[in-house]
Amino acid sequence: MKEQKIERYTGPAGGWGALRSVTQALLRQDIPVKGARTLLSANQPDGFDCPGCAWPDRNHASSFEFCENGVKAVAAEATARRAGPELFARHTVEELAAQSDFWLEDQGRLTHPMVYDAASDRYVPIAWDAAFALVARHLNALPDPNQAVFYTSGRASNEAAFLYQLFVREYGTNNFPDCSNMCHEPSGSGMRAQFGVGKGTVTLQDFELADAVFIFGQNPGTNHPRMLGELRAAHKRGARIVSFNPLRERGLERFADPQDKREMATLGSTDISTHYYQLRVGGDLAAVKGMMKHLVEREDAGERLFDRAFIAEHTRGLDALMADLRTEPWAGLVEESGLTEAQLRAAGDVYAAAERTIVCWGMGITQHRDAVATIQMLGNLLLLRGNVGRPGAGPCPVRGHSNVQGDRTMGIWEKPPAALLDRLGEVFGFEPPRTPGWDTVESIRAMREGKGRVFFALGGNFAAATPDTHETWKALRQCDLTVHVTTKLNRSHVVHGREALILPCLGRTEIDMQATGVQGVTVEDSMSMVHLSSGINPPASPHLLSEPAIVARLAAATIGERSRTPWLQLVEDYGRIRDKIEAVFDDFKDFNARVAVPGGFRLRNTASERVWNTLSGKADFFVHAVPRDTPSHRARALRRDTVVFTLMTTRSHDQYNTTIYGQDDRYRGVFGQRRVVFIHAADIQALGMKDGDWVDLQTVWDDGQQRRADRFKLVAYGIPRGNLAAYYPETNALVPLSAVALHAGTPTSKSIPVVLVPSAPIDAHSGNDALD
Ligand SMILES: Nc1nc2c(c(=O)[nH]1)N[C@H]1C(S)=C(S)[C@@H](COP(=O)(O)OP(=O)(O)OC[C@H]3O[C@@H](n4cnc5c(=O)[nH]c(N)nc54)[C@H](O)[C@@H]3O)O[C@H]1N2
Ligand SMILES: Nc1nc2c(c(=O)[nH]1)N[C@H]1C(S)=C(S)[C@@H](COP(=O)(O)OP(=O)(O)OC[C@H]3O[C@@H](n4cnc5c(=O)[nH]c(N)nc54)[C@H](O)[C@@H]3O)O[C@H]1N2
Ligand SMILES: [Mo]
């Protein structure tokens, strides 16, 4: 066991620490460091798309861009370790379930399709055809197709996702919960209403032109390391980089580019943020309102800060917004944001001084009850100075999974637009279901109530990624059948239905051979660039199937007799799938030809052309009140006897969502452990406790249900008073199912009202690691 310590990190993000960490990651996965061709092929024109994140590549034809966490993601998939039938023969599922998430994935790549055998409580091998027949039998036995749930995680390629949504709709339901429901759903909802497009408008070229980049609730040093390269370049040419984050994240402060020989040799680094605002968790709406109030005051005093020509031609609703801002008292904005009036005004001044501004945001914005309203406030801010639809400016929601945006484009959406259904019906000759389906939280509820009977997942780790862990596990265990298409063993496979299947698939790094030859797939990054991805490694096992092949064979087994779609023919050559995608989506005209060009192509984005597909036909200013009745507000009213904290759950540097690579969070100074809770030193003192003491976390919620996560170590940290931070997924049990973002249904994983209770003493000899 590695030494546990808390030690302030003083270096920049990136640098030698990143190189060292990469070597360790490769060794862990038994991948030779020398000649690691796999890594050099990431994000190359003839290579595969990095499964790490959705940040675009500077130039798909350029040299290797170094990214520590990209390497970890690739190494995790290209690992030499194997979780074959022997592993399952050795362990009952009960034994596997007793292992940590880290241990489960660490067994390596799955090699055979496996079926749960209740008599021995073991997974045993099953032939592919028998597996498909089992799923088909269950699906066809349901009295109503709406009793089946089809989850998607954002790594699925466009081709896999397209076939999947087609199969599920031909089968008869729109029940498509996906990881996006837990992630950037509010960004889509907010921007669709405001700008008519649910995606960001900026490209990497805009980063070269921006005078200011505002970053709200995002930790790029860990989650989008290649973004630091853009921010570093922007900083170097004098752009203002303004961060709003309750934590001082190292990657937002300083960065040493491992590809910069001078910085590496001299241990130098480049500053990233020019301004850093450590606001309160959930304080963003108030903060942005404060900035805008300041702008309105300057405008009212006779300055010309607003882009009046743009506003007149392209927007609606400015007067109402200005009236609202004029009457908004400063005191409330200061109290709710946790920033001073002077800070809010200063941030407003930076915005006013920039000719071109980009606003980026991540999970620190989306995983709150008022996420949609906050995102529309960010939109208001941009609109005031005409910062949408011109070079160097615009909204930039930074997506997570490498193809989460593409999956939605392909129709993985529980509330599909009628036009999409019409087109699918025409092209494939069937009557698509018109009832909206369940999102992630609704699916859990439905399974819990016995309305959802079959759970099928194309990737991901539903049991570990979702909120209210105990409820979710009960929901999954109540299913007749749970099925997981997956690369590695994870929690969702051991929290299973009465019958269960694990279907192992090819990863992105692997060669995908079909009847007509080797196939590539396509993905869409966070900036709407669509390009090809082709694996280069031999498959981890000869028994693996590609995701498109699994979907097609399952479709053939389930609806083959009534469907007019030539399922098996389509997967012989993925170009045929792309032809069908083109037939359904106008934006994919000449898809095969355009994606064959190195670097691919950009999908049309109407908002970036100042064409507004909104109800009003314009870009809309929205008026939103500062939230004063959030779960935290209500919990504080409910529990006046004690201190109620607002907990955000976040990622460490050594994890990819539910995949735990290691026990360190280097930039935050945490080593060898994950059960920590970051807290202000004065709050520790006020609790009468000490740094390093152990506490249990309990949610304050009004449904009478107890939600707790036990034994976390207090770590004094630079975080506003009253706020806490801890890692996900260990803290998911604290997130109530009913705590979701308005108009988006996203679990409010960044604002959970909790109280801290000293942990009961445990036997000194047993240590604390058994819990990890
Ligand atoms: N290495 C690695 N890369 C990843 C992932 C991973 O797990 N590991 N996950 C991928 C996925 S799916 C996603 S969605 C992205 C996630 O990437 P991020 O959006 O960066 O997600 P988090 O790590 O949850 O970090 C959220 C940030 O918001 C801050 N924050 C929390 N609450 C608030 C708030 O109320 N206001 C403000 N202003 N800030 C707040 C936190 O301090 C933290 O810095 O990364 C993707 N890339
Ligand atoms: N409390 C809290 N909860 C959160 C969040 C938070 O910040 N706080 N973040 C939320 C966010 S932003 C997201 S996106 C979700 C993530 O939710 P998911 O997308 O469901 O979870 P992941 O951990 O990304 O899924 C990892 C698993 O995917 C499988 N996998 C990897 N590669 C492939 C592949 O190529 N094909 C297939 N079929 N399977 C593959 C592996 O088995 C691996 O175990 O979690 C959400 N949950
Ligand atoms: Mo995400």
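## Backbone geometry

Aspartate 468 is found in the loop between α25 (462–465) and α26 (469–477), where helices (H or I, at least four residues) and strands (E, at least two) are DSSP runs numbered from the N terminus. Although aspartate 468 is not a glycine, it has a positive phi of about 45°. This is a predicted model, in which local features need pLDDT of at least 70 and side-chain atom pairs count only at pLDDT 80 or more, while totals for chains, interfaces and linings use all residues. Residues are numbered from 1 along each chain as its sequence is written, chains are lettered from A and ligands numbered from 1 in the order in which they are written, and side-chain values use heavy atoms, with hydrogens and water left out.

A cis peptide bond, with omega of about 10°, joins tyrosine 728 and proline 729. Proline 729 sits in the loop between β32 (723–727) and β33 (752–758).

## Domains and annotated spans

The protein is divided into domain 1 (5–77), domain 2 (82–183 + 403–602), domain 3 (185–398) and domain 4 (631–764); these bounds come from an automatic or database domain assignment. Between the C-alpha centres of domain 1 and domain 4 there are 30 Å. Their contact (heavy atoms within 4.5 Å) takes 19 residues from domain 1 and 12 residues from domain 4.

An unreviewed UniProt entry lists residues 109–486 as "domain: Molybdopterin oxidoreductase". UniProt positions follow the numbering used here, feature names are shortened, and annotations may be inferred rather than shown by experiment. The span 109–486 is 48% helix and 15% strand, and its end C-alpha atoms lie 9 Å apart. The unreviewed entry also places "domain: Molybdopterin dinucleotide-binding" at residues 645–752. In residues 645–752, 6% is helix and 34% is strand, with the end C-alpha atoms 8 Å apart.

## Ligand surroundings

A residue is near a ligand if one of its heavy atoms lies within 4 Å of it. Around ligand 1 there are 32 residues, of which Glu249, Gly282, Asp284, Gln655 and Asn657 come nearest. Of the 31 residues around ligand 2, the nearest are Glu105, Tyr151, Thr486, Glu547 and Thr658.

Polar contacts (pairs of N or O atoms within 3.5 Å) to the two ligands include the following.

| Residue | Residue atom | Ligand atom | Distance |
|---|---|---|---|
| Threonine 222 | backbone N or O | nitrogen of ligand 1 | 3.1 Å |
| Phenylalanine 244 | backbone N or O | nitrogen of ligand 1 | 3.0 Å |
| Glycine 364 | polar backbone atom | oxygen of ligand 1 | 3.3 Å |
| Serine 153 | side-chain N or O | oxygen of ligand 2 | 2.7 Å |
| Histidine 401 | polar side-chain atom | oxygen of ligand 2 | 2.9 Å |
| Asparagine 461 | backbone N or O | oxygen of ligand 2 | 2.9 Å |

Taken alone, ligand 1 exposes 920 Å², of which the protein buries 99%; accessible areas come from the Shrake-Rupley method with a 1.4 Å probe, and for residues only the protein chains shown count as cover. The elements giving two or more residues to the shell around ligand 1 are α11 (220–223), α20 (363–366), β25 (645–650) and β26 (655–656).

For ligand 2, the protein covers 96% of the 930 Å² of accessible area that the ligand has on its own. Ligand 2 lies between domain 2 (82–183 + 403–602) and domain 4 (631–764), because both give residues to its shell.

Conventions: A polar contact is a pair of N or O atoms within 3.5 Å; within protein, one must be able to donate a hydrogen and the other to accept it, and residues adjacent in sequence count only if both atoms are side-chain atoms.
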